[in-house]
Amino acid sequence: MNAAGVSCEDGARALPVQQQRWVTNATKPDYVSNLHEVTRVEGKPGGWHPTLVHSSGDVKFTVIRLEPNGGEVPIHYHNKVWDYFMPMEGEMIIETETKDGVKKDYEMKPGSFLAVGPQDIHRVRNVSKDNTAVFFIAQAPRHQYDFVEK
């Protein structure tokens, strides 16, 4: 229900943020004791398993697992969304090409951070032949999320 006592379209509870603006707390839980233990979801083509952890306000948070021996999030871009990568396990490469044509590969391991801006082409690839790579990603603004394959 919103402040006027009206339920949101998706049945979730709306929380007031600013005048005339509402945020939906549509995904639960709000608390995760260990991101390493979130449920592994069925894989997508390319060997990646995205588990949505929480989505509200302008941001969505996901744990993504990349299978060993070539698991990857395929090459793509987002028109208006920023990706914020935070590796949790293993090692991966994030290949990027900015909208200005500048290409750069980033070696990512736990403790690294990378922000990839809107319209920058990118691909995330597990470099291990034997171990799963896991990263946490925040994406904003979530209401403008798209995944444009290149």
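1. Asn69 counts as exposed, because its relative accessibility is 56% and the cut-off for exposed is over 50%. Asn69 sits in the loop that links β4 (59-66) to β5 (72-77). The structure discussed here is a predicted model.

2. The backbone at Asn69 also deserves a look. Phi of Asn69 is near 60°, which is a positive value in a residue other than glycine. Most residues other than glycine have a negative phi.

3. Gln119 is not a glycine, yet its phi is positive, at about 70°. The loop that holds Gln119 runs between β9 (114-116) and β10 (121-126). With a relative accessible area of 40%, Gln119 is partly exposed, because this class lies between the 20% limit for buried and the 50% limit for exposed.

4. A further backbone point concerns a peptide bond. Ala140 and Pro141 are joined by a cis peptide bond, with omega at about -5°. Most peptide bonds are trans. Pro141 belongs to the loop between β11 (133-140) and β12 (148-149).

5. Next, the sheet. Five strands make up an open sheet, and their order across it is β8-β7-β10-β5-β12. The pairing in this sheet is antiparallel. Strands of a sheet pair through backbone hydrogen bonds, in either a parallel or an antiparallel sense.

6. Which strands stand at the edges of the sheet? They are β8 (103-108) and β12. Each has a single partner strand, so one side of each is left without a neighbour in the sheet.

7. β5 and β12 pair in the antiparallel sense over two bridges. Tyr77 stands opposite Val148, a residue of β12.

8. How many helices and strands does the protein chain have? The count is zero helices and 12 strands. Read from the N terminus on, the order of elements is therefore β-β-β-β-β-β-β-β-β-β-β-β, given that helices and strands are numbered from that end.

9. Some totals for the protein chain follow. Of its 150 residues, 40% are buried. The accessible surface is about 8,900 Å², and carbon and sulfur atoms account for 48% of this surface.

10. The last point is about contacts along the sequence. Take the contacts in the protein chain between residues at least 6 apart in sequence: 66% of them join residues at least 24 apart.

How values were computed. Residues are numbered from 1 along each chain as its sequence is written. This is a predicted model: local features need pLDDT of at least 70, side-chain atom pairs count only at pLDDT 80 or more; totals for chains, interfaces and linings use all residues. Side-chain values use heavy atoms; hydrogens and water are left out. Helices (H or I, at least four residues) and strands (E, at least two) are DSSP runs, numbered from the N terminus. Buried means under 20% relative accessible area, exposed over 50%, partly exposed in between (1.4 Å probe, protein chains only). Two strands pair if DSSP finds at least two bridges between them. Contact means heavy atoms within 4.5 Å. Accessible areas come from the Shrake-Rupley method with a 1.4 Å probe; for residues, only the protein chains shown count as cover.
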